[in-house]
Amino acid sequence: MVAGIARSEAPDPTTLVVTLKEPNNAFLHYAACPWQMFAVSPTAVESNAVGGDLAQEWLKTNDAGTGPYVMKEFVPGSHYTLERFDGYWGEEPYFQSVRIEIVPEIATQKLQLDQGAFDLVAKGFAIPDVLTYKQDSQFKAITTTGASMMALYMNFGAGVFTDKAPRQAMMTALDRSAIVDTAFQGLTEVQSNFWPENMFPPRLAPFDSPVDIGPLEAIVPTLPSKKIDLAWVTSNGAPAQQVAELIQTQLAPTGLEITVRAMPTAEWFDMANQPAQRRPDLLVATMGGDALHLDTAMRIFLRTGAKPLNAFQYGNLEVDRLMDLAITKPTVDETNEVYLRITELVRDEALWVPLCRIPQNMVMHAYIDGVEQDSYIPYVFAPHKISRV
């Protein structure tokens, strides 16, 4: 996000002027994303820098901002504790402190919520549990569809899907509507666009391929191996597991022998560092950007050498050139014209099957009020806005 900045300056206490090296029509979108660029105190950086690291080691467990809370404690793999900042310029937060627990297991999260140990769980519950909470007056369950979609990625670097033919056959092999309807029970709809929702005009890149398992059935007997490793990323919660299992069931008649496994988010983020042979053949994971601009998805999922979300390490110098060209265009139509050229290239490569827009389900006790979610990533919420009623 900051690579294109030539310089920045603060001519007065409430003005920040950023000068770019060249035009970038995505830059304001970078500034609007949930984990956007932050203006960090130069004094804090200088005081805590070690060996020219710009205080990056210190900032892992400390902060130097102007927000409603300060980071009192961070224990990796365990929890964060936020403490109210008395010098905050805005309205004083209701809670003196907020403790954010790191609990990977969804079942444990549910148990802790039901027993009152947790006040709020931001995402991840199984859809039947969400629907049950919606009927329980002791809880509130908020369902919001943000801008990210769930997709089925294919490993083009090793194994069965190295050849483009089986990848292209996969684009029509699945009954996506049946998978989405079963896994999400009406809380979202099957993806009708190739790119995530609202990032690109749907009429320009629709994805409405008819269901036809025949091409894949014809290819499977010719494959050197029928064994398929299908992983699902645990940060997407229980619904992702069900999606993976439904894919396994639908593809079973082709003769593919599919094993489904859970992949912790840390492992997903490390896939780009692994050899292609150690990556799964299929992966149920998220596709989205940092804001509602296609550059913020392409640059992290498709850029040559990008890590960590370019998990299968796709690289295409022409795609790189075109994405750099797109952000310099002065109008939306001219930008989209370039993105259409990228879409044609990437879609022909058959890198992923779009599945659905992801419904994010936040569940809390009924006494929690004032939850204000980020419209792009709904499980990101403003802790200083919540209160107890």
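Pro166, Arg167, Ala169, Met170, Met171, Thr172 and Ala173 are the buried residues of helix H6 in this predicted model. The helix spans residues 164-173 and is mostly covered, with seven of its 10 residues buried. Its buried residues pack against both helices and strands: strand E7 (139-154), helix H8 (214-219), H9, strand E10 (282-287), H13 and E11.

Helix H9 also takes part in a helix pair. Two packed helices are described by the angle between their axes and the distance between the axes. For helix H7 (residues 176-184) and helix H9 (residues 237-251), the angle is about 140 degrees and the axes are 9 Å apart. The crossing of H7 and H9 is right-handed. On the H7 side, the contact is made by Ala178, Ile179, Thr182, Ala183 and Phe184, which meet Pro239, Gln242, Val243, Leu246, Ile247 and Gln250 of H9. By class, eight of the residues in this contact are nonpolar and three are polar, while none is charged.

Strand E11, another of the partners of H6, covers residues 352-365 and includes Gln360. Gln360 has a relative accessible area of 12%; because the cut-off for a buried residue is under 20%, Gln360 is buried. In sequence, Gln360 and Gly146 are 214 residues apart, yet their C-alpha atoms are 7.2 Å apart in space. Beyond its neighbours within four places in sequence, Gln360 is in contact with Lys123, Ile142, Thr143, Thr144, Pro378 and Tyr379.

Helix H11 (residues 295-301) contains Thr296, which counts as buried at 4% relative accessibility. The side chain of Thr296 reaches the backbone nitrogen of Asp290 at 3.0 Å.

At 25% relative accessibility, Gln313 counts as partly exposed.

A positive phi also occurs at Ala55, with a value of about 65 degrees although the residue is not a glycine. Ala55 is found in the loop between helix H2 (42-48) and helix H3 (56-59), and at 0% relative accessibility it counts as buried.

Helix H12 (residues 317-326) begins with a cap: a side-chain oxygen of Asn316 lies 2.9 Å from the backbone nitrogen of Glu318, at the N-terminal end of the helix. Within H12, Val319, Asp320, Leu322, Met323 and Ala326 are buried. Seen down the axis of H12, these buried residues fall within an arc of 170 degrees, and therefore they line one face of the helix. An α-helix has 3.6 residues a turn, so residues three or four places apart point the same way. The buried residues of H12 pack against H11 and helix H13 (332-349); H13 is also one of the elements against which the buried residues of H6 pack.

Terms used: Residues are numbered from 1 along each chain as its sequence is written. This is a predicted model: local features need pLDDT of at least 70, side-chain atom pairs count only at pLDDT 80 or more; totals for chains, interfaces and linings use all residues. Side-chain values use heavy atoms; hydrogens and water are left out. Axes are lines fitted to C-alpha atoms, for helices over the stretch in contact, and angles run from 0 to 180 degrees between N-to-C directions. Helices (H or I, at least four residues) and strands (E, at least two) are DSSP runs, numbered from the N terminus. A crossing is left-handed if the near helix is turned anticlockwise from the far one by less than a right angle, and right-handed if clockwise. Contact means heavy atoms within 4.5 Å. Ala, Val, Leu, Ile, Met, Phe, Trp, Tyr, Cys and Pro count as nonpolar, Asp, Glu, Lys and Arg as charged, and the others, Gly among them, as polar. Buried means under 20% relative accessible area, exposed over 50%, partly exposed in between (1.4 Å probe, protein chains only). A polar contact is a pair of N or O atoms within 3.5 Å; within protein, one must be able to donate a hydrogen and the other to accept it, and residues adjacent in sequence count only if both atoms are side-chain atoms. The arc is that of the directions from the helix axis to the C-beta atoms.
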